[in-house]
Amino acid sequence: MIWRLALRNTLRNRRRTLLASVAISLSFALLLVFLGIGDGVHEAMAEVGVSMGLGHLIVDREGFSDDPSLEHSLPEPARLRTALLRLPWVRQVAPRLRTDALITAGATSVGVALSGVEPSIEPLISKIDTPRSMVAGHALAPPDGTPARSEPAPIVVGKELARTLDVQVGDRVTLTVRPRGGGETHSGAYRVHGIFATGVHDIDAYWSEIPIQAARELTGSEQAATSLAVFLDNVAETTPAKAQLQTALAGEHVEVLSWMQAAPDLYSFIVVDQGGLYAMMGILFVVVAAGILNTLLMGVMERTGEFGLLLAVGATPRRVVAIVLAEAAILGAVAVGAGLALGLTVNHYFSTTGIDLSGMTGEGYETSGVLLPTHFYAHLYPAKLVWSAVLIVGLVLLGACYPALRAGRLQPVEAIRHE
Amino acid sequence: MNEAKQPLAVEAAKLCKTYRQGQLAVHALSDVDLRIEAAELVVLAGPSGSGKSTLLNLIGALDRPSSGEIKVGGRNIGTLSAAERAALRRDHVGFVFQAYNLLPVLSALENAELVLELQGLPRAQCQKRAQEVLRSVGLGEMFGRRPSELSGGQQQRVAVARAIASARTLVLADEPTANLDSKAAESLLDMMVELNQREGLTFLFSSHDPRVVARARRVIHLEDGHIVADEVVR
């Protein structure tokens, strides 16, 4: 009886029900679209950050994060890499040997971050040493997949670094590093194989990459690597994957960092941006809840006599409360259904066609050390969708509480005479 | 009609009801003593403000007395909790109101079923019983009609059907003919008298309609919250 009465009452004032449903469904659809775009943008930012010399997860030797020197490099990276690649959720593992270096061309020297990379792997996961980033020359791995053959060893440098050094593809530069174990600095000659442009100033001006074997020879590091960058299918898997990796590598004397730890500025930016989005949605929800409360309260006040009758003929106050809450639940369910359809449709459009911001941002803009792409794709996580639906229905029921309690507390004698 | 000796339907002693209007105390009922036998047809008569509706509300467990005692079916209303009074109304007392008070979103059949469903009976059983009582009040062809599709007299008949559907023994009718035309009022009252005689239901009317008074076997006159006359007229 509760549901029958609730359904009929919901359909009674169709215009009011329609307006309330539209308000709720639009809010819900808006929430889904905002969540989808927000998560899509944040995911894109994280993926860009991850592909700029990081990884979803970074495996270092214990103590490396406190003292990032060659002495704390991983002694057997190949064995660890093989073990990590066996994990089903690991997409790729890239060994890297990183150290500070001085790069010299002619009379100009610049301090840079030097990264020894595996040329056959990097194009698969990096936005630095990849053909698409090269504005001149080639990536360390030539297009046909065979290792670059050049004597001296190849090096790729950022566009701004190349300008500072006044070098072009084919020019020679000298790298000077402090070798593993200390002692006299080591130097080596390299030929500029490619010039990359990522759009991120710090990388384009102070970053260079050489094959990891060349880096090992330069630094006297034998088969070592300072880190293994682990890549997953999706940035959202980072946190659970980190826990699993820590378990899998227990006893290896390594530390596992997530990209959030390795790039705290980027992570903070995303968290703050998400917070802003949630705050905005929170305000919207308060407005929606107030609207629901108003709609249901009007409905209850209009039907004071009917609730009085129900109480007079023996309905318990709890049953009367349940009728009003059931009306709210029906309203919420219908509105969530409509909002879901609308929100998913719009999300589908934004997740397939994307949002092109190139008209506003040109080639993209840099934020927290990341060059944001000009084209974003929405990505709505199923868990967030479910939680959003639960939140909206909960909000509608919350808005219904006061009208419902008011109906349940009516005195039948007075209520039944209400016109 | 059942001729066997039945317990008292209503019993009141020294019944008082006082309302507060700001600082003012309004004595709606004062020292009312009353005994109504089962299967009686009684009219509470009196001018507006005499306390008829207040007494009806107390008998119907819609309100609690300020002092004194009132028992309905042997249960003392003053000692019952709100939930117990709701259960008493649901299971033992039927109401017919001046304004019909049907739920507009329910059909005649569903309105008649309402109390049965509140009692928790299975839907099929509710429907069967509601159909029986609607037929008994002459609405056998109007099960599916909403109140807005019924005349005033028909709506009041549905209200009577709702009041008697759950086999309750006491029906309280507050000015049941006030909104009806003469023909509909006569027809409704004849039907209620017939139910009283055929089913042995106790009817207690609050009314100053002479047509109602003319059909009563007992008329209790109220004035200023006091019973001023209690006469058996037939």
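This is a predicted model: local features need pLDDT of at least 70, side-chain atom pairs count only at pLDDT 80 or more; totals for chains, interfaces and linings use all residues.
**Helices of chain A**

Let's start with helix H12 of chain A, which spans residues 317-352 and has helix H14 (residues 382-408) as a packing partner: their axes come within 8 Å and cross at roughly 150°. Angles over 145 degrees count as roughly antiparallel, so H12(A) is roughly antiparallel to H14(A). The crossing is right-handed. As for what lines this contact, there are 21 nonpolar residues, two polar ones and one charged one.

H12(A) also packs against helix H1 of chain A (residues 2-12), with the axes 8 Å apart and an angle of about 55°. That angle makes H1(A) oblique to H12(A). Here, too, the helices pass in a right-handed crossing. If you want to find this contact on screen, look on the H1(A) side for residues including Ile2(A), Trp3(A), Leu5(A) and Ala6(A). On the H12(A) side, the residues they meet include Arg319(A), Ala322(A), Ile323(A) and Glu327(A). By class, the contact of H1(A) with H12(A) holds 10 nonpolar, two polar and two charged residues.

Another helix of chain A, H2 (residues 14-51), carries Met45(A). Is Met45(A) buried or exposed? Met45(A) has 24 other C-beta atoms within 10 Å, so it is buried.

**Strands of chain B**

Over in chain B, there is an open sheet of four strands in the order E2-E1-E4-E5, with antiparallel pairing. Strands E2 (24-37) and E5 (75-76) sit at the edges, each pairing on one side only. At the E5(B) end, Lys71(B) has Asn76(B) as its bridge partner.

Elsewhere in chain B, strand E9 (residues 218-223) pairs with strand E3 (residues 41-45) in the parallel sense and with strand E10 (residues 226-232) in the antiparallel sense.

| Strands | Sense | Bridges |
|---|---|---|
| E3(B) and E9(B) | parallel | four bridges |
| E9(B) and E10(B) | antiparallel | six bridges |
| E4(B) (residues 67-72) and E5(B) | antiparallel | two bridges |

For landmarks, Val42(B) stands opposite Arg218(B) of E9(B), while Val219(B) has Glu231(B) in E10(B) as its bridge partner. E9(B) and E10(B) form a hairpin, with two residues between the strands. What is the phi of Asp224(B) in that turn? Asp224(B) has a positive phi of about 50°.

**Where the chains touch**

Finally, the interface: 17 residues of chain B are in contact with 16 residues of chain A. On the chain B side, the elements that give two or more residues are helix H2 (82-92) and helix H3 (108-118). Which of them gives the largest share? H2(B) does, with five residues.

Key
Residues are numbered from 1 along each chain as its sequence is written. Chains are lettered from A and ligands numbered from 1 in the order in which they are written. Two strands pair if DSSP finds at least two bridges between them. Two residues are in contact if their C-beta atoms, placed from the backbone, lie within 7 Å. Axes are lines fitted to C-alpha atoms, for helices over the stretch in contact, and angles run from 0 to 180 degrees between N-to-C directions. Angles under 35 degrees count as roughly parallel, over 145 as roughly antiparallel, 65 to 115 as roughly perpendicular and the rest as oblique. A crossing is left-handed if the near helix is turned anticlockwise from the far one by less than a right angle, and right-handed if clockwise. Ala, Val, Leu, Ile, Met, Phe, Trp, Tyr, Cys and Pro count as nonpolar, Asp, Glu, Lys and Arg as charged, and the others, Gly among them, as polar. A residue is buried if 20 or more other C-beta atoms lie within 10 Å of its own, exposed if 12 or fewer, and partly exposed in between; C-beta atoms are placed from the backbone.
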